[in-house]
Amino acid sequence: MRKDSVRVPSARRVCLERQDMKKTRHVCYYKSIWKWNGALMALPGIVLIVVFIIVPFLMNVGYAFTDYNTASDVPRFIGLTNFRNMAKDRDFWLVCTNTLKLILTYVIGGNVIAILLGVMITNVGRKFGNFVKTSIYFPQLLSMVVVGFLWRIMFSYNNGPINHFLEWIGVPPDLLPQWLGVPALIIPSISTALIWLISGYYSIIYHAGMMNIPMSYYEVSAIEGASKWQEFVHVTLPFLAPSITINTVLLTVESLSAFAVPASMTGGGGPGRYGTTLALWSYTTYFNNHQYGKAIAISVVLGLFAVVLAFIELKILLKKEVGNS
Amino acid sequence: MKRARTKSLSWQNKHIGSRILLLLFTIFVLFPILLAVLNSFKPIAAIQRNFLTFDLKDFSLSAYDKVITILRFGEGLWNTTVVTLLSIVMTVLLGSLMAFAISLVNSKFLRTVYMTSILLICIPIHAIILQLVPLLKSMGILNTYFGTAFVFTALSLPVAVFLYTGFMRTLPRELSEAAVVDGCSLWRIYTAIYMPLMKTITVTVIILRATYIWNDLLVSLVTISDATKTMLVPRMYAFNSSTSTRWDLVLASSVLVSLPVAALYLFLQKFYMRGLVSGAVKE
């Protein structure tokens with residue numbers, strides 16, 4: 001931080017001061033003179049986004065109501081048949097529950113662990129904190145496929161380090177869990193792997209949020225005789241509210257698009273689809289089973305899931321933010 | 001910022017509990033990676049015998065040798081590098097231009113663009129991935145480096161715009177005001193004033209998106225079917241489908257694939273953290 005402000009002294013200092021003084025939104029100031037120039041500058045990016053995200057997204061929604069497949073040239077409108085096929089599948093509810101379970105465990109677990117890590121990193125000071133930040137970020141650099149493979153080994157029944165550890169602390173051998181074999185344990189295991197993967201990134205974001213809390217609030221709470229817990233709940237958390245909002249939304253999207261980790265951890269969906277999420281199901285239905293219409297219907301449901309969840313989360317969390325400040 | 005730091009300094013000695021917990025967590029995070037690296041140097045028999053021990057006389061490079069020939073590693077590395085570089089260059093250029101226009105010019109259109117790109121972060125990639133093949137095919141860029149790079153760029157732009165805009169909004173308005181008074185055009189403000197200031201945040205965008213693109217399985221698997229053009233991770237994923245998993249090959253290829261990104265991260269780590277903090281927390 002400090003080095004940065006040395007490099008561009010006035011700029012950084014002014015902006016930091018201004019932020020402290022008033023948390024107003026940055027006002028866009030060049031009214032109409034550069035409207036066209038500005039639009040022109042943004043144009044190439046906008047074109048890419050429209051062509052490669054928005055168009056395929058709308059195409060996907062449209063094709064979900066047709067008998068589209070790679071062979072037929074002109075898709076016919078068939079109404080809700082694809083969705084009916086999907087809902088009739090006996091795995092549909094199982095996959096939906098799996099997805100919901102993954103979202104719940106991942107979003108709550110990820111947030112709690114990241115906030116705790118953030119608090120601890122803030123406590124221990126800069127040097128040690130930096131060391132921890134750098135180290136726990138490492139998993140983020142690995143491919144999801146690698147992460148899946150790694151945790152398949154970690155959780156493996158006979159040879160896995162986790163069961164070795166449990167044995168070592170005295171768990172009798174017949175009680176050792178078959179992590180990726182028992183239906184109830186598969187999703188939590190996947191969640192653990194994913195949280196291991198992202199804890200570094202999110203704790204950095206939370207830590208940064210905590211560094212921005214003005215010291216005076218802590219001074220006041222110390223004078224008032226607040227306990228550490230009260231201080232955390234009434235000072236730290238309210239200030240973190242914006243970061244919590246963003247992170248919750250991001251974690252939800254990530255858990256919805258979790259694909260490679262469950263796939264490589266459970267060898268393509270796990271025993272009896274107990275490790276299959278909506279994303280993975282859509283992929284295997286399309287590319288392995290070649291049921292195109294059904295796969296597209298699943299992916300539309302997935303997109304719907306994402307939009308609805310993001311909307312609900314934003315609604316709840318933004319209300320909390322306003323209420324607290 | 002400064003005061004917060006003094007706070008942590010004065011507390012430093014009291015937080016032994018935090019230190020121990022953090023150390024344990026760091027070990028928990030690094031342990032699987034360490035195990036993977038160590039085991040990649042063992043023959044498969046030794047891996048199956050015991051995953052947790054390492055005997056020096058087991059040391060062998062045979063897994064690496066096999067991986068490099070089976071996966072045609074060099075070819076995969078070249079493909080991955082080309083696609084990643086193309087996408088990153090486009091992401092940085094177009095993303096920073098978009099963010100620059102959004103944060104400097106006041107127009108309804110650009111505000112809509114900003115809101116839309118934030119919204120797009122929330123859409124899981126699976127909601128669009130199935131249509132990419134017909135789309136790219138109809139444009140005649142299926143199975144090409146550029147086609148895949150375009151997709152990666154489009155997927156990276158919302159995040160890049162979010163980070164760049166967050167950063168540019170912290171820059172003082174006097175900077176560009178002074179330039180306007182001196183008669184600078186919008187392009188000149190971008191190249192002469194904003195570009196030099198964007199170094200840190202650009203490093204962040206590069207690392208964040210380069211690791212994503214380098215490690216991505218889905219897009220590269222779907223958009224490239226030509227065996228000579230596939231990227232590294234899809235090649236590696238082939239080990240998944242085989243009935244008896246060749247753990248030695250899996251581990252060795254994992255290490256090889258992750259090395260370039262890890263090197264990039266270690267090299268630029270300091271800037272990366274700084275930019276992440278300056279761009280991501282705001283708003």
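Author: A crossing is left-handed if the near helix is turned anticlockwise from the far one by less than a right angle, and right-handed if clockwise. Hello! This is a predicted model, in which local features need pLDDT of at least 70 and side-chain atom pairs pLDDT 80 or more, while totals for chains, interfaces and linings use all residues. Residues are numbered from 1 along each chain as its sequence is written, with chains lettered from A and ligands numbered from 1 in the order written.

Reader: Thanks! How many helices does the secondary structure of chain A come to?

Author: Helices (H or I, at least four residues) and strands (E, at least two) are DSSP runs, numbered from the N terminus. With zero strands in chain A, the number of helices is 14.

Reader: Which hand does the crossing of α9(A) and α11(A) have?

Author: Helix α9 (residues 183-211) and helix α11 (residues 228-256) of chain A pack at about 145°, their axes 9 Å apart (lines fitted to C-alpha atoms, for helices over the stretch in contact; angles run from 0 to 180 degrees between N-to-C directions). On the α9(A) side are A:Tyr202, A:Ile205, A:Tyr206, A:Gly209 and A:Met210, meeting A:Thr236, A:Phe239, A:Leu240, A:Ser243 and A:Asn247 of α11(A) (contact: C-beta atoms, placed from the backbone, within 7 Å). These divide into six nonpolar (Ala, Val, Leu, Ile, Met, Phe, Trp, Tyr, Cys, Pro), four polar (the others, Gly among them) and no charged (Asp, Glu, Lys, Arg) residues. The crossing of α9(A) and α11(A) is right-handed.

Reader: Which helix of chain B gives the most to the side that touches chain A?

Author: The contact between the chains takes 91 residues from chain A and 89 from chain B. On the chain B side, 61 are nonpolar, 21 polar and seven charged. With 13 residues from its span of 247-280, the helix of chain B that gives the most is α14.

Reader: Why is A:Ser143 called buried?

Author: A:Ser143 lies in the loop between α6 (126-136) and α7 (144-154) of chain A. Beyond its neighbours within four places in sequence, its contacts are B:Asn215, B:Leu217, B:Val233, B:Val257 and B:Ser258. A residue is buried with 20 or more other C-beta atoms within 10 Å of its own, exposed with 12 or fewer, and partly exposed in between, C-beta atoms being placed from the backbone. A:Ser143 is buried because the other C-beta atoms within 10 Å number 26.

Reader: Which element gives the most to the side of domain 1 of chain B that touches domain 2?

Author: Chain B is divided into domain 1 (13-60) and domain 2 (65-280), with bounds from an automatic or database domain assignment. Their centres, over C-alpha atoms, are 31 Å apart, and the contact takes eight residues from domain 1 and seven from domain 2. Two elements of domain 1 give two or more residues, namely α3 (44-49) and α2 (16-39) of chain B. With three residues, the element that gives the most is α2(B).

Definitions and conventions:
Two residues are in contact if their C-beta atoms, placed from the backbone, lie within 7 Å.
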